2 protein chains.
Amino acid sequence: MATGRTHRPATRSRGIPEATVARLPLYLRALTALSERSVPTVSSEELAAAAGVNSAKLRKDFSYLGSYGTRGVGYDVEYLVYQISRELGLTQDWPVAIVGIGNLGAALANYGGFASRGFRVAALIDADPAMTGTPVAGIAVQHTDDLDRIISDNGVSIGVITTPPGAAQQVCDRLVAAGVTSILNFAPTVLSVPEGVDVRKVDLSIELQILAFHEQRKAGEEAAADGAAAEDPDEDQAPPVRATPAHRKGPDGDMPAVMPA
Amino acid sequence: MATGRTHRPATRSRGIPEATVARLPLYLRALTALSERSVPTVSSEELAAAAGVNSAKLRKDFSYLGSYGTRGVGYDVEYLVYQISRELGLTQDWPVAIVGIGNLGAALANYGGFASRGFRVAALIDADPAMTGTPVAGIAVQHTDDLDRIISDNGVSIGVITTPPGAAQQVCDRLVAAGVTSILNFAPTVLSVPEGVDVRKVDLSIELQILAFHEQRKAGEEAAADGAAAEDPDEDQAPPVRATPAHRKGPDGDMPAVMPA
DNA sequence: CTATCTTTGTGCACGCGTTCACAAAGACAT
DNA sequence: ATGTCTTTGTGAACGCGTGCACAAAGATAG
């Protein structure tokens, strides 16, 4: 889903599938909850249910980490928490910088989920001079001009971009130049980064559009189920006046209500 | 990535792959930008570059929608914008309700990306009586007690959950009971929903942990490249004191520095 | 020590998604 | 009309991820 992740054919034999990596945090969260309730061991079945996945998948995921777990018993909760934390690199401290302290940036700065697991908001950076010095979530906002120094001084390797889309690529370039090698991008922009830099994006608008697609499909099917053999459920409005495409032959033969040939 | 999405073997022949659906918003965004610059047509190569994907993938994606596009020329921008919008269900209005008006909820309410594409924040809901009536982003916050009525009155079918994790499942249940069939969940919780309800989750903490994993891997490889044949890069601290697992035989033979047998 | 019962770890098959590579389609020039 | 050149649309091969189903491992009881 992120941009990078297509190089190196797993240099070390330690080749944990990307899909598995994405699920480890899920397992970790479920295990932490069990740990807090002082549950000593858990079976793959139980844990899978808690994490909302298939138990076979969970076992296979864990098999990539090693043979933790005892047949006939299950997995030792504390031990597994440690192993997964270590695998994810959560036993060390990760200073994070947030660039773009608008509504979203401020919300993230205040978000508790950060500190809980090795992540520490080390710096808040914004381009607006009026913001400089203002404390947000107990941290003084610093100005973009000092970005380079801030990143270096704090040893930041993970940057979070919450700027407007227009500024995102530029900020990204500066972060990378300053030494950041992992970026979490909330701006609705496709970032281009050099080899070796990982980018993950969180795009609210895209998520909503995907939901809208399924929502529409559900509504369409429902309507079709009701009105027996009603025609296709996709003629709401006329398409915009258009030129040239004098050929329409969709795979299922439908076409927009109005189509200037 | 979401929970649901494993039922119905594509009832209608209209079987657009999930992976393709997830990319359509990306294409749409790139196309909209071109449209604003009054670019009339675009080739798969150019558009793919703008969206950050492979051009063959883009062509295959479009082929699921139909045979829009002209060989030797490319795709008509305006026409494609319309087709994708229609496919995603963006030609209609989607009233959205946000539940949990904390920092994040308020940030989302203020987020411009909503209104731009058919989505409209129809209601803000919070459990705190002190919040009731307070305007956020120009909309008065309403109380959870009225959730049912609010959803019905506004015809909301898409709900956004930005509550603390403890309240998420309960809110989810109430939303579903009130008629919501699509949920965007920002709370770090696994939601269980009945058949037919789509859930997508956005989990900041998980994204960061995935980045941390790769970050650690990069650091490890780098260190290995430097220090020639240095030992395994995973012994930071001693694991917590533990019992029972008297067998350690990881796939690559490594084991934590200290391991009480 | 043997038998039984539980639960892990994994071989295998299947399906989805990606990518290559190319034939077909059309634009455009002559 | 014919030929050339560009770009689409897609058949086919490949690789990854998922889930089934079962043998092996170990716990536990007698």
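A residue counts as buried if 20 or more other C-beta atoms lie within 10 Å of its own, as exposed if 12 or fewer do, and as partly exposed in between, with C-beta atoms placed from the backbone. A:Val136 is partly exposed, because 18 other C-beta atoms lie within 10 Å. The model is predicted: local features need pLDDT of at least 70, side-chain atom pairs count only at pLDDT 80 or more, and totals for chains, interfaces and linings use all residues. Residues are numbered from 1 along each chain as its sequence is written, while chains are lettered from A and ligands numbered from 1 in the order in which they are written.

The pLDDT is the predictor's confidence in each residue, from 0 to 100. Chain A averages a pLDDT of 85, and 80% of the residues score at least 70. The pLDDT is below 50 over residues 229-238 of chain A. Beyond near neighbours in sequence, this stretch has 15 contacts in the model. A contact joins two residues whose C-beta atoms, placed from the backbone, lie within 7 Å. Residues 241-261 of chain A also have a pLDDT below 50. Beyond near neighbours in sequence, that stretch has 29 contacts in the model.

Chain A has nine helices and nine strands. Helices (H or I, at least four residues) and strands (E, at least two) are DSSP runs, numbered from the N terminus. Of the 261 residues in chain A, 40% are buried. Among contacts in chain A with a separation of 6 or more, 54% join residues 24 or more positions apart.

DNA strand C has 28 residues around it, and A:Gly69, A:Gly72, B:Pro17, B:Arg71 and B:Gly72 come nearest. Two or more residues of this surface come from each of helix 2 (44-51) and helix 3 of chain A, and helix 1 (18-36) and helix 3 of chain B. Helix 3 of chain A gives the most, with five residues. The surface near DNA strand C holds nine nonpolar, eleven polar and eight charged residues. Here Ala, Val, Leu, Ile, Met, Phe, Trp, Tyr, Cys and Pro count as nonpolar, Asp, Glu, Lys and Arg as charged, and the others, Gly among them, as polar.

DNA strand D also has 28 residues around it, and A:Pro17, A:Arg71, A:Gly72, B:Gly69 and B:Gly72 come nearest. At least two residues each come from helix 1 (18-36) and helix 3 (55-65) of chain A, and from helix 2 (44-51) and helix 3 (55-65) of chain B. Helix 3 of chain B supplies the largest share, five residues. By class, the surface near DNA strand D has nine nonpolar, eleven polar and eight charged residues.

In soluble globular proteins, nonpolar side chains tend to be buried together. A nonpolar core is a set of buried Ala, Val, Leu, Ile, Met, Phe, Trp, Tyr and Cys residues joined through C-beta atoms within 7 Å. The largest one has 140 residues. A:Tyr27, A:Ala97, A:Ile98, B:Tyr27, B:Ala97 and B:Ile98 touch the most other members. Not counting residues up to four places away in sequence, A:Ile98 touches A:Gly105, A:Leu108, A:Ala109, A:Val121, A:Leu124, A:Val160 and A:Thr162.

Strands pair if DSSP finds at least two bridges between them. In chain A, strand 7 (residues 158-161) and strand 8 pair in the parallel sense over four bridges. A:Ile158 has A:Ser182 in strand 8 as its bridge partner. Strand 8 (residues 182-185) of chain A is covered on both faces. A:Ser182 and A:Leu184 are buried on one side, and A:Ile183 and A:Asn185 on the other.

Chain B has an open sheet of seven strands in the order 5-6-4-3-7-8-9, with mixed pairing. Strand 5 (135-136) and strand 9 (198-201) of chain B stand at the edges with a single partner strand each, so one side of each is left without a neighbour in the sheet. Strand 3 (residues 94-99) and strand 7 (residues 158-161) of chain B run parallel, joined by four bridges. B:Val96 has B:Ile158 as its bridge partner in strand 7.

A:Val136 lies in strand 5 (residues 135-136) of chain A. Leaving aside neighbours within four places in sequence, A:Val136 contacts A:Ile101, A:Ala106, A:Ala109, A:Leu124 and A:Val141.

Methods
A residue is near a molecule or strand if its C-beta atom, placed from the backbone, lies within 6 Å of it.
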